[in-house]
Every structure is written in C-alpha cells, then in structure tokens.
Amino acid sequence: MEDLSMSNNDDDSLLAALRRLPPVQPTIGLRAEFAKRARLTSRRHVARWPLAIAAGLSLILGAGWWQERTAREAEVLALRTELEAAILDVSAARRLVAMNSVTRAGVADGAMITTLTRLALFDESPSVRIAAIEAITAVASVSELATVVNQSLAKEHSALVQSVLLQATSHLDAPERTRALDAFLSRRDLDPIVRADANSQRAT
Amino acid sequence: MPLPPIADRTDRDLMLAVRGGDLAALDALFVRHHGRLYGFLARLTGNRATAEDLVQEVFLRVLRARERYHGDGSFTAWLFRIARNVAAGEYGTRRETMPLDDMVDVGAAESDPIGEMETAEDLARLERALLAVAPQHREVLLLRGVEDLSHREVGEVLGCTEGAARVRVHRALNALRNVWIDQNGGSVHVQ
C-alpha cells in the first residue's frame, strides 16, 4: 500500500498509481466517423471571451478594494498561524499544504518570509523546499528572493529543486541573475540536464 | 523493394507517407493512436462526447499540417502537442463537462470487479482527484502519468526544456496530492 499523501520524496509512487487507471475507450463508430470528417474541410470557428466580461469584473473588484484590504489582513494572520503550526509538524504533507496556501493567497508578512526562507534552505524534504521557493517567489520582494536563490543555489543538491531555483532566477534583475547563474555554473556536481538549462538561461 | 505491410511500419514512416498523400497511412495512424488520444482528451476535458470530436479534429490537423512534419523528434509527442492545442481551443469555446461521477464510473467499470473492489474504489477516487486539479496540471499528469511519456517528450508537448518539464510534473503531482488530501483526508492509500 502506498501512502499518497505522504510520498513527498517519491513522486514515482503517485505516477505509478496514475498508470494503473483503466483505459477510457471511445465508441466503435469513431473511426468511420473520422473517415467522413476527413473529407470535410470546414474549420471550427473559435469564439473568444468577450472583453466586456473582463472589464466588468475589474470594475466590481475595484469597487470593493477597501473591504478586500481588511479581509487581506485577516487572511495574512490566518496564514501566518497556519505556517507557524506547520513548520513544527513532522508531516511534510502538512508543511506543503501550509506553503501552498501562502502561494495561492499571494500575501505574506516579514515573519512569514523568514519562515519560508528557513524552509527553502533547510527543510529535509525537497518537495517542501520547492514549495517554499515557489511561495517566496509569489510573495517576497525581489531582493528577498535573490537572497534565497543565491544561498540555495550554492548548496542545493536536488536536481529538481535546482531546476525550480533556475526558474526563480527569471524574477531577478539582470545583473543579479547573471551573478547567480555564474556562481551556480561554477559548481562541478550539477546534473547534466540542469547544467544545460542553466547554460541556456545564461545565454539569454 | 516493396514497402512492408502498414501494420509493420513505424509512425514516422506512416507520417512521411501521409505527407506524400497516402490516406491509408493516416487511417493506420488513427487506428494505432486514437484510443490513447481519446483517453487523454476525455480525461483532460472531462467530457467523452467532446473527446470524440477532438480526436477527429486532431487527426484532421495532422492531415493539414503534414507538410510541417519532418520526422525529427517523437511522433507521439508531436501528436499530443496537436491534441493539447486542439483541447486548448476547445476550452475557450465549450466548458460544460460530464459530471465527475459519470467519468469516474466509466473508468472504474472497465477494471476487473472481481476481487479488486478496493483497488477499483481507490482508482475511482484517484480519477476523481485528477478531474478536480486545474487543467494545466491535469494535462501534465495525463502525459507523464497516464500516458507514460518521458520528461523529454512531455517537454516537447509543452514546448519547454526537459528540466522545466520535470519541474512541471512535480508541481502537478503536488497539486494532485493537495486535492487528494482535500477530498480524502491525509492518510488515504491507493493499493
């Protein structure tokens, strides 16, 4: 039996479960129907979302900015409480859920950034470190992100986490990004795929 | 030298024949791949009827785009890339989906019901979770998980590097895990 909720270090078990899903079969007549349609040259007309809907939504959201601010403050408090409880939890899944909440909400205060930074650098689970980096990317300032990226790139050994860090460098300003990539590429122990990605990013 | 029977020819050879106007080769590719493609699209859209339309549209696009096929890279990845684009267009026009239970039952009913009740139930729950994740994660889970494409092929389908594909797979699995926890609690098992 595999515990899917706990397999943070083993995505393979979840992939294996997906591969066991039974096939979904089409109807028998599909092949004949396709043969008929192949003779037709009509093209599907693709409709687009009316811009008016987007404009209307923007107006509604704008009108409620004051109420939203109050709600945000309450949300940050709830998120901080959740994060502080999660960091003490032995369950990596719980820590992941807390950080995903932060990423989804897109808000954090200074104390939360400090907690996320600690998790990004030192958590034992690569999945948690990834979630922390993604949360920091979503909520922290560029300079806070740069600090985490530089420190983490210098020591991180998981190729997957390194790939996430490489993607995070795209949020840095150009000189900072170049410095981070150069320092990273000077490491001799890089996974070949990650090195190729880093070289590609350095070239652009 | 005579060509080998169609059934023995590779996807690449068949597609090169389609480029030359051989519609029998297109039919052979359809027979070979439409079931797998249908499963991908049915699970991606959550709608079986839509998936049947889309499968046909994918192969019509293969026909229209045959001049752009050069035989480099994976044919499967090329096909799924077209399918992904076709499905993306579909999301912009029709969003109605089959109720989740209907889709789940379709999958579960095709497994062996004898002596595997627990497995069938577990897989049905996994199917339900899969349908509840965001489409951008679901497509990655279907490509890497259900269809068993390599990270390189997933990258070809998504138009990104192998490393980036690996990250997207991980993120999608994380999203699926979160949905699973939401739906089933933190200690649910799949046999």
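This is a predicted model: local features need pLDDT of at least 70, side-chain atom pairs count only at pLDDT 80 or more; totals for chains, interfaces and linings use all residues.

Q: What does the secondary structure of chain A come to?
A: Eleven helices and one strand. Going from the N terminus, the order is β-α-α-α-α-α-α-α-α-α-α-α.

Q: And how many of the residues of chain A count as buried?
A: 42% of its 204 residues. Chain A exposes about 11,300 Å², with carbon and sulfur atoms supplying 59% of that.

Q: Switching to helix pairs: at what angle do α5 and α7 of chain A pack?
A: About 15°, and the axes of α5(A) (residues 92-105) and α7(A) (residues 126-139) are 9 Å apart. Angles under 35 degrees count as roughly parallel, so that's what α5(A) and α7(A) are. Their crossing is left-handed.

Q: Which residues meet there?
A: From α5(A), they include Leu96(A), Met99(A) and Val102(A); on the α7(A) side, Ala131(A), Ala135(A) and Val139(A) are among them.

Q: OK, cores. Which residues touch the most other members in the largest nonpolar one?
A: Leu18(A), Leu41(B), Phe59(B) and Leu126(B), in a core of 63 residues. Helix α2 of chain B (residues 23-45) gives the most to this core, with eleven residues.

Q: What is Leu18(A) in contact with, leaving aside neighbours within four places in sequence?
A: Seven partners get listed, if you count them off: Leu126(B), Leu130(B), Leu141(B), Gly145(B), Val146(B), Leu173(B) and Leu176(B).

Q: What lies apart from that core?
A: Another core, of 46 residues, including Ile133(A), Leu160(A), Leu166(A) and Val194(A).

Methods
Residues are numbered from 1 along each chain as its sequence is written. Chains are lettered from A and ligands numbered from 1 in the order in which they are written. Side-chain values use heavy atoms; hydrogens and water are left out. A nonpolar core is a set of buried Ala, Val, Leu, Ile, Met, Phe, Trp, Tyr and Cys residues joined through side-chain atoms within 4.5 Å. Buried means under 20% relative accessible area, exposed over 50%, partly exposed in between (1.4 Å probe, protein chains only). Helices (H or I, at least four residues) and strands (E, at least two) are DSSP runs, numbered from the N terminus. Contact means heavy atoms within 4.5 Å. Accessible areas come from the Shrake-Rupley method with a 1.4 Å probe; for residues, only the protein chains shown count as cover. Axes are lines fitted to C-alpha atoms, for helices over the stretch in contact, and angles run from 0 to 180 degrees between N-to-C directions. Angles under 35 degrees count as roughly parallel, over 145 as roughly antiparallel, 65 to 115 as roughly perpendicular and the rest as oblique. A crossing is left-handed if the near helix is turned anticlockwise from the far one by less than a right angle, and right-handed if clockwise.
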